[in-house]
Amino acid sequence: MSTAGEQTRARLLAAAESILVRHGMTALSVRKVGEVAGLNPTLVTYHFGSIGRLLEELCQSNLDILQSGWDGLEEQDNLDDILRTWLEPMFLPAAFTSEGRALLVLDEIGAHGEGALRQIVLDTTLALAHRLVALVKPYCPHLEEVEVIARLRLIAGAVLGPPPRNRGEPLMQDGTSLVDMRFVLPFARAALGC
C-alpha cells in the first residue's frame with residue numbers, strides 16, 4: 001500500500017477511535033468516521049470493506065498495546081510489581097487517539113460491540129484474569145479464588161473510572177486525575193487485603 005493509502009487508513013482509524021472515546025459505540029458510522037477524518041466516507045469501505053472490519057483493526061491495535069505491557073506479568077516476583085505490571089498498561093493512550101486510553105476503547109467494544117469482535121475482547125480479558133489470579137493468589141492465601149477474581153474485577157473497574165467512561169477522566173480541582181497509579185496501586189493492595 002502506498003504511503004498516501006497508509007496515511008488515509010491511519011486517519012480513518014484515528015477518527016473512529018476518537019468517536020468511540022468521545023461518544024461511544026452508538027455514534028460510530030461510516031458517515032461519521034469520514035466526517036471526523038475530513039475524508040470522503042466511501043474511503044472507509046474502500047480501505048476496510050466495512051465499519052466492522054475497521055473496528056476489528058482498531059480493536060487489535062488497542063489489544064496489542066495492553067498485551068505487550070502484560071507480557072512481563074509472570075516475570076514479577078512480588079505483589080506490588082505484579083499489580084503495577086497489570087495496572088500500568090491500562091493507563092496507556094489509545095492506539096490512534098492520545099486523549100483516550102486503549103483500555104477505554106476496548107471497554108466500549110466489549111460492552112457494546114457485536115459478535116466475534118466483542119468475544120475477542122471478552123476472551124482476552126478472561127485469559128488475563130486467569131493469569132493474574134494464578135499470580136496473585138499465593139500472596140492472598142486467606143482469599144478463595146472466586147474472591148480474588150471479584151476483587152481484581154473491582155480494581156479494574158476503579159481503573160476504568162465511573163461511567164460515562166468516554167467523557168474524560170475524573171479530575172480533582174487542581175487537575176490531578178483520580179485515576180492515577182499513585183492512588184490505584186495502594187487501592188489495589190488494600191482491596192486485596194494482602
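A crossing of two helices is called left-handed when the near helix is turned anticlockwise from the far one by less than a right angle. Keep that in mind for the exercises below, which work through a predicted model.

**Exercise 1. Describe how helix 5 passes helix 7, and which residues make the contact.**

Solution. 
- Step 1: look at the axes. Those of helix 5 (residues 79-87) and helix 7 come within 10 Å and cross at roughly 165 degrees.
- Step 2: name the orientation. Angles over 145 degrees count as roughly antiparallel, so helix 5 is roughly antiparallel to helix 7.
- Step 3: assign the hand. Helix 5 passes helix 7 in a left-handed crossing.
- Step 4: list the partners. Helix 5 brings Leu79, Ile82 and Trp86, while helix 7 brings Leu128, Leu132, Leu135 and Val136.
- Step 5: The contact of helix 5 with helix 7 has seven nonpolar residues, no polar and no charged.

**Exercise 2. Work out whether helix 4 and helix 6 are oblique or antiparallel to each other, then characterise their contact.**

Solution. 
- Step 1: helix 4 and helix 6 pack with their axes 9 Å apart, at an angle of about 135 degrees.
- Step 2: helix 4 and helix 6 are therefore oblique to each other.
- Step 3: the crossing of helix 4 and helix 6 is left-handed.
- Step 4: on the helix 4 side, the contact uses Leu55, Leu58, Cys59, Asn62, Leu63, Ile65 and Leu66. On the helix 6 side, Ala102, Leu103, Val105, Leu106 and Ile109 take part.
- Step 5: the residues of this contact between helix 4 and helix 6 divide into eleven nonpolar, one polar and no charged.

**Exercise 3. Find which elements line the largest pocket, and which of them gives the most.**

Solution. 
- Step 1: start with the volume. The largest pocket holds about 850 Å³ of space.
- Step 2: go to its centre. Of the 29 lining residues, Thr125, Arg153, Ala156, Gly157 and Leu160 are the closest to it.
- Step 3: trace the elements. Helix 4 (51-70), helix 6 (102-112), helix 7 (115-136) and helix 8 each give two or more residues to this lining.
- Step 4: pick the main contributor. Helix 7 gives the most, with ten residues.
- Step 5: sort the lining of the largest pocket: 21 residues are nonpolar, five polar and three charged.

**Exercise 4. Identify the residues that line the second largest pocket and say which helix gives the most.**

Solution. 
- Step 1: the second largest pocket has a volume of about 210 Å³.
- Step 2: its lining consists of Met25, Leu28, Ile51, Gly52, Leu55, Glu56, His112, Gly113, Glu114, Ala116, Leu117 and Ile120.
- Step 3: helix 4 and helix 7 are the elements that give two or more residues to this lining.
- Step 4: helix 4 gives the most, with four residues.
- Step 5: the lining of the second largest pocket divides into seven nonpolar, three polar and two charged residues.

Key: Residues numbered from 1 in each chain as written. Predicted model: local features only at pLDDT ≥ 70, side-chain atom pairs only at ≥ 80, totals over all residues. Heavy atoms only, no water. 1 Å grid on protein atoms, 1.4 Å probe; cavity = no way out; pocket = protein on both sides within 12 Å on 5 of 7 lines; lining within 4 Å. Points joined across faces, edges and corners; volume = space filled by probe spheres on them. Nonpolar A, V, L, I, M, F, W, Y, C, P; charged D, E, K, R; others polar. Axes fitted to C-alpha atoms, helices over the stretch in contact; angles between N-to-C directions. Parallel < 35°, antiparallel > 145°, perpendicular 65-115°, else oblique. Contact = heavy atoms within 4.5 Å.
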